Amino acid sequence: MKAFRATPLLMIIPSLLLAMFIIGYPIIDLAYTSMQQVSRFGQLRGFNGMANFAEVFSDPLFYASLIRTGIWTVAVVGGTLILSLPIAMILNDEFYGRGMARVIIMLPWALSLTMTAVVWRWALNGRAGLLNASLMGMGISHEPIEWLATAPVAFTTEILIGILVSIPFTTTIFLGGLSSLPQDAYEASMVDGATRWKQFRFLTLPLMRPFINIAIVLNVIYVFNSLPIIWVMTEGGPANGTDILVTYLYKLAFRFGQLGKASAISLIMFGVLFVFIIIYVIMVMRNEDDGGAAGEAAE
Amino acid sequence: MSNKLVRSIVYWLLLSPLVIVILFPFAVMFVTAVRPRDELFTFPPSWFFSEFRWDNFVDMWTKVNFGGALLNSLYVSVAATVLALVFSIPAAYALSRYRFRGKGLYRNFLLMTQMMSPIVLVLGLFRLMVAFGLVNNLNSLVITYAAFNMAFTIWMLQSYFNTIPRELEEAAWMDGATHLRSLIRIFLPLAVPAIAVTAIFIFINSWNEFVLALTMLRNNNDFTLPVQIFSQVAGRYQIEWHHVMAATVLATVPVAIVFSWLQRYLIRGMALGAVK
Amino acid sequence: MASVTITGVEKRFGAVQIIRGVDIDISDGEFVVLVGPSGCGKSTLLRMIAGLESISSGSISIGDRVINTVPPRDRDIAMVFQNYALYPHMSVYENIAFSQKLRNRPQGEIDRKVNEAADILNLRAFLARSPRQLSGGQRQRVAMGRALVRDAKLFLYDEPLSNLDAKLRVSMRTEIKALHQRLQTTSVYVTHDQIEAMTMADRIVVMNAGQVEQVGTPLELYDRPGNLFVADFIGSPSMNFIPGRIARENGAVLLVGQDGTRIAVPAETKASDGQAVVLGIRPEHLSLRDGTDGVAAVVEVVEPTGPNIQVFVQLAGTRVCSILAERHPFVPGQPIRLGASLTQMHLFDEKSGKRI
């Protein structure tokens, strides 16, 4: 019987080792590097305590990026949620061309963020971009707009694109939630005389609560860490005006070779990320508490 | 007019702004990809152009070294998929079929690694690959992609495996099969569709990955498609947008079609697994 | 073919004890039914015999051989699963032949055996089909066929009929019994349906909360249930229970009900004066009485079932069901008198639930 019990462990150990190696090692290395003095050529020069963290916390660019990260995350996640729930409710209803509508709404998910950003960068080109072509063709504007030349406009545009690419995933979560809602409760509420709005307010919204929570947490994690859109479209520019933490971190690490400082920021971000991951794990575990043991039995 | 017809019209009207914004970049991609080079920067900017220049694709192939990047992307994505499956299938089977000490802990660990983002670790990963001499080596991506996709893969496979009744394997044992035999003759044939779907998702994830590829690969000949295309627009004076768009079309459209087709399985996997 | 001996078997999942010390002897060729409410541990016990669950303590032997640690494939047992467990990617033929292929039997022999089983089970026409294309009853037969070709020492059935509709269940019941009479293979059959147990078993094992409540032939359990649980579980509609205390007056032994109603019970009972007991009477053993005979009751509800009527009455402070063959035009509130033969009364100690 002893050998029997070892089987499942043998089956999970390879995956455990790989994950620890690829995900665990870098974290330790980051912690180590963050407390090292680093030369201009990226050589580690020995322990320097919290100096790197002190430097980060006295860096105005860090604070600017931090605030922008907050705006970026809240705006993208908020915008995505507000749009996705009605979209999911429409897609969950019967109508002509629903299959087609589903495929179209999900399309942005199928493209890599990099490619999407490259295409938008061209579409938003201040001189010949086809967005300007469309706006001018429809008479909405009379001369080309430089979408990416000034930070506020560029950042707003990037947020909108961030929302666009987050909608499919979020809508998918909501569709899964909506299809699990009990149909008979809706029929009962109709018999009880509920209006559509009241159904939404007192049935759909509370029943969708767990799905909305999950969507918030997952989107925060994804958006907070999302590099490609901003990196490809403006590389954090102009003049660091669209930098969020990840782009700032990437520049520090791979443009300016400030490994110590970059490690410190990585660790700070890891801390924030970890908090959200824990929230996510707790939420999933709570959802699973009842059904989790089904389909399992002893060896 | 019937109720459904009215509803359909209202819904489509509500969705239309989003539909236009979603389809817009696709239109931009196609229109630019087949446009003659000297009509890229006309003023005022316009959607219209004089002729379809299909040769753009041919020129692009050599100018952008599309073929090389394509092979790199294929190698990395296929190898990462195989590696992730090799690690994930046994783990998913164990999760689905056995009770064991530390199972809950292991599942939490998986959930955590699933959410772990490469960008936060990118510097540490880079230093890891430097230490192992794997920078500028496609295998650095193979290993990291496999590791970062593993949690999702195990999670997804496990939820599919749970739908294959364990009674079938038990019946095979009663019929006289060994564990290995029942795995090969009964379990695997039934699990093939699930494994295939999961494999395609790993493949697409790897195919689309950008940050790690950008970091680990420093040599033009090693670039995967996203990095290769990015390198055509990043820090250049003269961007050959018609080539860039032609490359984007070729790199994304096949994957997008497969993804759209398989997307409902992803929903199902998520519904069964993490997001329940 | 073989006997099965289960001695002091226990099963624990962590801190939870599912089976709490079970002893059962099954002789060669016997058809034994394990019956009990869901969660009583009957399926777990069956799966332990099969080798699909480990045994926490105690031992199980087939013939003279203790098989506690023998893997399922080497136990020479055939099993029919609740959901049939047909291999969905194999045809009916391949499903039945699978065990023989695993043993590398020659093709001719496999063909002969599969065809033989198919003939017995009327499956000849379906051999090439896939399980998906079969009805519930046909799938059930394939599962039986798979067991049949094994020539196993022991057949195990895990609620095999629970997914069939009522009519099919009755006919499959007969078929399984006929098959057993023909093959005489020792069989252990798990069900939660006491009628299945009564109709099919040579002997019934009634289980509850991980323990054996009583073992006996169907009629033994019906006629002399050993405790309140078995009395309640066997028989449909189930036995009436009238709580009260024992009193002895003028040589007669009486049960004094909670409302003071006095019912004569068998004089030879060992119950002592004043002992709190429960009197059990089956609905079918109650009959209508005249004059001062029997005990007063008030009609509450009448339910005709066709062959007879079920009359629910208030009797000695409890609701009692009586099955009467005559179609009396009772109305609610009508006073009647009911009685039963002393030989068909069962007395149980109220505290222990044991038969007195």
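**Ground rules.** I'm working on a predicted model, where local features need pLDDT of at least 70, side-chain atom pairs count only at pLDDT 80 or more, and totals for chains, interfaces and linings use all residues. Residues are numbered from 1 along each chain as its sequence is written, chains are lettered from A and ligands numbered from 1 in the order in which they are written, and side-chain values use heavy atoms, with hydrogens and water left out.

**Chains B and A.** I found 106 residues of chain B and 103 residues of chain A in the contact, meaning heavy atoms within 4.5 Å. Together the two chains bury about 9,600 Å², with 78% from carbon and sulfur atoms. That figure is the accessible area (1.4 Å probe) that two parts lose on being put together, summed over both. On the chain B side, M115(B), V120(B) and L123(B) lose the most area to chain A, yet together they make up 8% of what that side buries.

I then checked for salt bridges (a side-chain nitrogen of Lys or Arg within 4 Å of a carboxyl oxygen of Asp or Glu). The rule finds one across this interface: D29(A) with R127(B), closest N and O atoms 2.7 Å apart. Helix 1 (residues 3–33) of chain B gives the most to that chain's side, with 20 residues. Helices (H or I, at least four residues) and strands (E, at least two) are DSSP runs, numbered from the N terminus.

**Two domains in chain C.** Chain C splits into domain 1 (4–233) and domain 2 (240–349), with bounds from an automatic or database domain assignment. I noted 40 Å between their C-alpha centres. They bury about 650 Å² between them, 62% of it on carbon and sulfur atoms. In domain 1 of chain C, Y222(C), L228(C) and A231(C) lose the most area to domain 2, together 70% of what that side buries. I saw zero salt bridges there by the rule, but two residue pairs in polar contact (both at pLDDT 80 or more).

**A sheet in chain C.** Last, I traced five strands in an open antiparallel sheet, ordered 15-19-16-17-18; strands pair if DSSP finds at least two bridges between them. Strand 15 (287–289) and strand 18 (318–324) are the edges.

Note on methods. Polar contact = N/O pair within 3.5 Å; in protein donor to acceptor, adjacent residues only side chain to side chain.
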